[in-house]
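Work through the exercises below with the sequence and the model open beside you. Try each task before reading its solution.

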Amino acid sequence: MGKAIGIDLGTTYSVVAIAENGHVQVIQNAEGDRLTPSVYAESADGHIMVGAIAKNQASANPGRTVSSVKRLMGSNARIPVNGRSLSPQEISAHILRKIKADVKRQLGEDVSRAVITVPAYFSDAQRRATQEAGKMAGFEIMRIISEPTAAALAYGLNRSDIQHILVWDLGGGTFDVSILEVGDGLFHVRAVNGDTHLGGDDWDARLISYLKQQILKIHDRDIESNACMFQQVKEACERIKRELSVQDESHIFLPLIAEPNHDAIEIEMTISRQVFEDLTQDMLNMLIPPTRQALKDAELTPADMNRIILVGGATRMPAVRRLAETLFQQSPDTRLNPDEVVAMGAAIQAGVLNGSVQDVVLIDVTPLSLGIETQGGLFTRLISRNTTIPVSAERIFTNAEDNQTVMDFNVLQGEREMVRDNISLGSFQLTDIPMLPRGKAHVEVTFEIDVNGILQVSAQELHTGESAGIKIDAVHLLSGDQINRAVAEAAVNAIADGQRRSEIETSIQTNHLIQAAEALLFGTARRLSKVSRRKIHAGISEAKSALAGGQSEAMINASQELTSVLNSLQENCERA
Ligand code: AMP
C-alpha cells in the first residue's frame with residue numbers, strides 16, 4: 001500500500017506530516033518551511049499563487065488574494081477573484097494541491113491518501129465540503145477527523161487509564177475548547193465551545209496600540225498615517241509577542257521609514273513581559289467562560305480532567321499556560337510543538353488506517369533549548385525545548401564592539417539564563433567581518449537539526465557572505481535524568497536567573513548609552529555650548545559610577561537622566 005499523510009488544513013496555516021518507521025515527521029514545503037500560509041492569490045494575468053508567495057503580496061493585491069477561506073467552508077459563498085467566482089472548496093483545493101506537490105517533492109513520490117482535520121464543531125456540510133476539496137486536489141480522503149482528537153492522538157492519549165482530555169486551541173484568530181472522552185482507544189467529543197473572534201492576533205493588536213501611543217508621545221507621529229510604517233510596527237509587535245514567550249523582556253530597535261515632510265525616526269524600546277501581560281489580561285480572562293461552559297455541557301469539573309493539552313501557536317504565551325495551571329491544578333502537556341501537533345495526530349491516524357503504524361510512535365523533540373552565548377555571558381535561545389525535529393531557526397546578531405573583525409560563537413544547550421549554568425556543545429569563530437561601528441554588522445546565525453538529531457550551526461556575515469559553522473551530534477546524548485535535572489534547576493532558579501539577566505542587560509544598555517554620549521560629545525563638542533557640554537559630562541560620569549556600583553536601579557536612573565539630557569539637546573538642535 002502507498003504512503004498516507006495527515007493534513008491540518010488551518011485557517012491561517014496548513015501543516016502536513018507523515019508517520020513512517022515509528023517516527024512522525026512534518027514535511028517541509030518547497031520554500032523550506034513547515035507551515036504553509038493558507039492563502040490563495042492570482043496575478044492580474046491569472047497566474048495562481050498559493051502559500052507564502054500569496055501571503056507576501058497580499059497587501060499589494062488585496063482584491064485578488066483570498067485568506068481564511070476555512071471560515072466559509074460548507075457555505076454557499078462564492079469568492080470573486082479576477083472576474084471569476086470560486087467556491088470555498090475550490091480555493092481549499094488549490095491549497096491542498098500545493099501541499100500534494102510539496103509532499104511529492106520532499107518524499108520523491110506521489111502520495112494520494114490522506115487524513116484531513118477539521119474543528120470539532122464543524123457540521124456535516126462543513127466536513128463534506130472539506131472532503132470535496134480534498135478530492136478536487138486529487139486525494140483519496142481516508143478520514144476526516146477532529147482537530148482535538150488528532151492532538152490527543154499525537155500525545156499518545158488513546159489509553160485506557162486516561163478518560164478525560166481537555167484541549168485548548170488558541171490560534172491566530174480563534175479559540176476552541178474541546179473536552180474528549182477516551183473509551184476503548186476511541187475518542188468521543190463530549191463538548192465544544194470557544195470564541196471565533198479571539199486569537200493571538202488580538203494580542204498583537206494590543207501591542208500595536210500601545211506602541212502607537214508611545215510613538216505618538218515620544219515622536220509626535222501617528223503610525224496609522226502611513227501604511228508601510230504601520231506594517232513595520234505590526235510585524236515588530238508579532239515578533240515582540242513571540243520573544244516575550246521565552247524572555248522577560250524584548251528590546252526593539254525599529255528604524256521607521258521616512259514620510260513626505262518628515263524625517264525617518266528610530267524607535268528604541270524595551271517591553272517587559274509584565275507590561276505585555278498587563279495590557280492583555282482582559283483577553284486572557286476571556287478564555288475562562290467558554291472553558292466553564294464546555295465543562296458544564298460535558299457535566300464535568302476541572303478536577304475530572306486527566307490531561308490538558310495545548311494546541312495553536314498562541315498557547316506558547318506563558319500567561320496562557322499559567323492560567324491552565326490555575327484552572328486545572330495541573331501543568332498542561334506542552335511537549336509537542338503546538339503548531340504541528342494536529343498534523344502529527346492526523347499522520348498517525350493515516351498511518352493506522354494505512355497499516356504502517358501498529359503501536360508506538362515516537363515523536364522526537366529537542367530535550368533542552370539550544371542557543372548561543374551573547375554579550376555579558378547571557379544565553380540566547382534559538383530553538384526552545386520540546387520543539388519537534390527536524391527543525392531550523394535563524395536570527396540576526398550584530399557586533400558588540402566597534403571594528404570587531406572576529407566573532408566567537410559558543411553553542412549551548414540548557415534552560416538557564418546564564419551561559420555558565422548551561423552545557424557548551426562546541427564553539428567556532430567567524431573571521432573577516434568588515435570593520436564597522438558597533439551594531440552595524442549583520443551576522444545571520446542558523447541552527448538546523450535533522451531527523452537524526454544532528455545539529456548544524458552556521459554564521460554568515462551578510463555584507464561579505466563570509467561564513468563559518470560547526471556540526472554537533474551530541475544533542476540527544478543526555479540521559480533522562482540529566483534533562484529532568486536541568487529543567488528542575490531552571491524552575492528553582494527562574495526568578496534569580498531572570499533578575500541576573502535583567503541586571504546584565506541593564507549594564508549593557510548603560511554602557512552603550514555612555515559610549516553613544518561620548519561619541520556625541522566628541523563629534524559635536526565645538527558646536528555645543530559650555531553648559532550643554534557640562535551637562536553631558538555630568539550625565540556620563542553619573543552613569544559611569546552607577547555602572548561601576550553595579551546597582552540596576554541606579555543605572556536605570558542615571559540612563560534616564562542622560563537620555564533626557566541628550567534628547568533635550570537634540571530638540572534644541574531641531575528647533576535651531
Ligand atoms: P496558529 O493559527 O495555530 O498557527 O497560531 C498562530 C498564532 O500563534 C499567531 O497569532 C502567532 O503570532 C501565535 N504564535 C506563534 N508562536 C508564538 C509564540 N512563540 N508566542 C506567542 N504567540 C505565538
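The model is predicted, so local features need pLDDT of at least 70 and side-chain atom pairs count only at pLDDT 80 or more, while totals for chains, interfaces and linings use all residues. Residues are numbered from 1 along each chain as its sequence is written, and side-chain values use heavy atoms, with hydrogens and water left out.

**Exercise 1. The whole protein**

Solution. Start with the elements: helices (H or I, at least four residues) and strands (E, at least two) are DSSP runs, numbered from the N terminus. The C-alpha trace spans about 80 × 60 × 50 Å along the principal axes. Finally, count burial: buried means under 20% relative accessible area, exposed over 50%, and partly exposed in between (1.4 Å probe, protein chains only). Buried residues make up 48% of the 576 residues.

**Exercise 2. Helices α12 and α13**

Task: Find the angle at which the axes of α12 and α13 cross, and classify the pair.

Solution. Axes are lines fitted to C-alpha atoms, for helices over the stretch in contact, and angles run from 0 to 180 degrees between N-to-C directions. The axes of α12 (residues 494–524) and α13 (residues 530–549) come within 10 Å and cross at roughly 155 degrees. Now apply the classes: under 35 degrees is roughly parallel, over 145 roughly antiparallel, 65 to 115 roughly perpendicular, and the rest oblique. The two helices are therefore roughly antiparallel. Contact means heavy atoms within 4.5 Å. On the α12 side the contact includes Ile514, Ala517 and Leu521, and on the α13 side it includes Ile536, Ile540 and Leu547. For classes, Ala, Val, Leu, Ile, Met, Phe, Trp, Tyr, Cys and Pro count as nonpolar, Asp, Glu, Lys and Arg as charged, and the others, Gly among them, as polar. This contact has eight nonpolar, four polar and three charged residues.

**Exercise 3. Helices α4 and α10**

Task: Decide how α4 lies relative to α10, and whether α4 is enclosed or open.

Solution. Helix α4 (residues 147–154) and helix α10 (residues 341–354) pack at about 80 degrees, with axes 7 Å apart. That makes α4 roughly perpendicular to α10. Glu147, Ala150, Ala151, Leu153 and Ala154 of α4 meet residues of α10 including Val341, Met344 and Ile348. The contact has nine nonpolar, two polar and one charged residues. For burial, eight of the eight residues of α4 are buried, so this helix is largely enclosed by the rest of the structure. After α4 comes Gly156, with a positive phi near 65 degrees.

**Exercise 4. Helices α2 and α3**

Task: Which orientation class describes α2 and α3?

Solution. Helix α2 (residues 88–107) and helix α3 (residues 124–136) pack at about 50 degrees, with axes 8 Å apart. That makes α2 oblique to α3. Among the residues in contact are Ala93 and Leu96 of α2 and Ala129 and Met136 of α3. By class, they divide into five nonpolar, three polar and three charged.

**Exercise 5. Single residues**

Task: Locate Ser68 and Asp432, and say whether each is buried, partly exposed or exposed.

Solution. Most residues other than glycine have a negative phi. Ser68 has a positive phi of about 55 degrees although it is not a glycine. Ser68 is in the loop between β7 (65–67) and β8 (79–81), and at 24% relative accessibility it counts as partly exposed. Asp432 has a positive phi near 60 degrees and is found in the loop between β22 (423–430) and β23 (443–449). At 52% relative accessibility, Asp432 counts as exposed.
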